[in-house]
Amino acid sequence: MEDTNESQRILIRKMINGASLSEDDKKTVEKFVVLADKLDETSKTRWNELFVRRLRKGLKQAYKSGFEKPDFVHFLEYAKEYDLYVIPEMLDTFTPLMNVKSHEELNYEELNTLNFDPFKYTVADLVNFASYTLKNHEIASKLGFSAEKLEETVSTIAETYQINPFHTFTHGFSVFQMTYYISLEARQTLQGLVQDSEYFLLLLATLGHDVNHPGVTNAFMTNVKDELAVTYNDTSILENHHCAEFFRIANKTQLFEHMPDAEYKEARKTIIECILATDMVKHNDLTANLRYRVKKYPFTETLDFEVKYPEKTVLDIDENDDRPLQLDNQKDRRLVLNCLCHSVDVGNQCFEFELSQKWSYLVSNEFHAQVLTEEKLGLPTSEFLRYKSPAALCGSQGYFGEVILLPLWVTIADLLPEVSHLAQNLINNKNKWKHLQEEKTQGK
């Protein structure tokens, strides 16, 4: 803002990006917030409006009371404090869970199940779950990772996620846990597709794939001319941001310090490609590429309906190359890893319906909050993200599951038959959403 000198700008940007602040720094930021609140509304530019909003969110994050609450509690408390709109479904679902406390003992075997419910745990619990999984993974010691540095990295990643309805450490952990579950269920098939060391890197990537997410879309970042949009030339803005944040954290904790340069460069490239693959604009191309390379269809053959696959637009492979995926081909391995990272990122509807619903309500709330902010800033509104009614929410979730997710997850089921039940859950859930839509439309 015009009243803020460069040192204050740097300080505030540090805070928004999740850096820990000294007590003197916090007092300086508090003074700026008071100043921002006193600014006349007519003198604020679009950027200043957004900047103040993000500043308040960052300040709240700086004062976040440790990890002893679930992420959804932090958000609901934040929403109440700032009088933010919360959709009815989220209030009804999560208000009864507000008293969740950290567990004295954790049952780590729960991580081996598909429908692990992260909303029963605090952030501290999830940090412990993730740290335990990585530190005790058989590949961690083979690759030379320090248990202490892994633990510090997990904790720092959790600290750096912002307070949002959906894009929180809980989401990052859920994607990580599903990835771990798939590695257990489909171990034999995966060993013929990717190297164990690469899959461990995929686990790291999933945990930090949305770190420091601001709770808005790439299109929003472009429309407000956000600093990150300028930095990344309007291309995979947030995904590039998450990559940078992940490696800032890894450098801080010296996670890869033990690796020779050549090995580190390959590890870094693997993680970056996985995180960049989570950009939804790449969804059709990833699905088309993987579908083209899958040569057996055990799950597809069980279906009594036809799945409509996306058209091939950009294929990263030679269309005349009709061979199956091969373990000794790095490009093949990267395709599998990237598709898996993207699949689990959008895999919430592959859980049992009750757990899947919770995630749907969170993402719907976050999308609607963006629409309200767009209206406030006078930006083009993303109407397809607006919460309109309970029936409309059900309809949008059913459509997303059937049209967007199903072609990808059926392909994953054909590739990894051991986890075909995830695709079956998706089919069951999209049918349940359609049924719920009909009920709510009729007022039942």
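Q: What makes Gln370 count as buried?
A: Gln370 has a relative accessibility of 1%. Buried means under 20% relative accessible area, exposed means over 50%, and partly exposed lies in between (1.4 Å probe, protein chains only). The value of 1% falls under the 20% limit, so Gln370 is buried. This is a predicted model, in which local features need pLDDT of at least 70 and side-chain atom pairs count only at pLDDT 80 or more, while totals for chains, interfaces and linings use all residues. Residues are numbered from 1 along each chain as its sequence is written, and side-chain values use heavy atoms, leaving out hydrogens and water.

Q: Where is Gln370, and which residues is Gln370 in contact with?
A: Gln370 sits in helix H18; helices (H or I, at least four residues) and strands (E, at least two) are DSSP runs, numbered from the N terminus. Contact means heavy atoms within 4.5 Å. Setting aside neighbours within four places in sequence, Val216, Thr217, Phe220, Ser382 and Leu385 are in contact with Gln370.

Q: How many helices and strands are there, and what part of the protein is buried?
A: There are 20 helices and zero strands. Of the 444 residues, 55% count as buried. The protein exposes about 20,100 Å², with carbon and sulfur atoms supplying 49% of that; such areas come from the Shrake-Rupley method with a 1.4 Å probe, and for residues only the protein chains shown count as cover.

Q: Why is Asn128 called partly exposed?
A: The relative accessible area of Asn128 is 37%, which makes this residue partly exposed. Asn128 belongs to helix H6 (residues 123–135). Beyond residues up to four places away in sequence, Asn128 touches Leu106 and Tyr108.

Q: What makes H6 largely enclosed by the rest of the structure?
A: Because 10 of the 13 residues of H6 are buried, the helix is largely enclosed. The buried ones include Val123, Leu126, Phe129 and Leu134. They pack against several helices, among them H4 (71–81), H8 (147–160) and H9 (169–185).

Q: How do you know that the span of H6 agrees with its number of residues?
A: The expected span of a helix is 1.5 Å times one less than its number of residues. For the 13 residues of H6 that gives 18 Å, and the end C-alpha atoms are 18 Å apart, so the two agree. H9 is mostly covered, with 15 of its 17 residues buried.

Q: What makes a set of residues a nonpolar core, and which residues have the most contacts inside the largest one?
A: A nonpolar core is a set of buried Ala, Val, Leu, Ile, Met, Phe, Trp, Tyr and Cys residues joined through side-chain atoms within 4.5 Å. The largest has 112 residues, and Phe169, Ile182 and Phe256 have the most contacts inside it. Helix H19 (residues 390–415) gives the most to this core, 10 residues. Another core, of 11 residues, lies apart from it and includes Phe220 and Leu377.

Q: What makes the phi of Asn212 and Asn233 stand out?
A: Most residues other than glycine have a negative phi. Asn212 has a positive phi of about 65 degrees, and Asn233 has a positive one near 55 degrees. Asn212 lies in the loop between H11 and H12 and, at 1% relative accessibility, counts as buried. Asn233 lies in the loop between H13 (227–231) and H14; its 61% relative accessibility makes Asn233 exposed.
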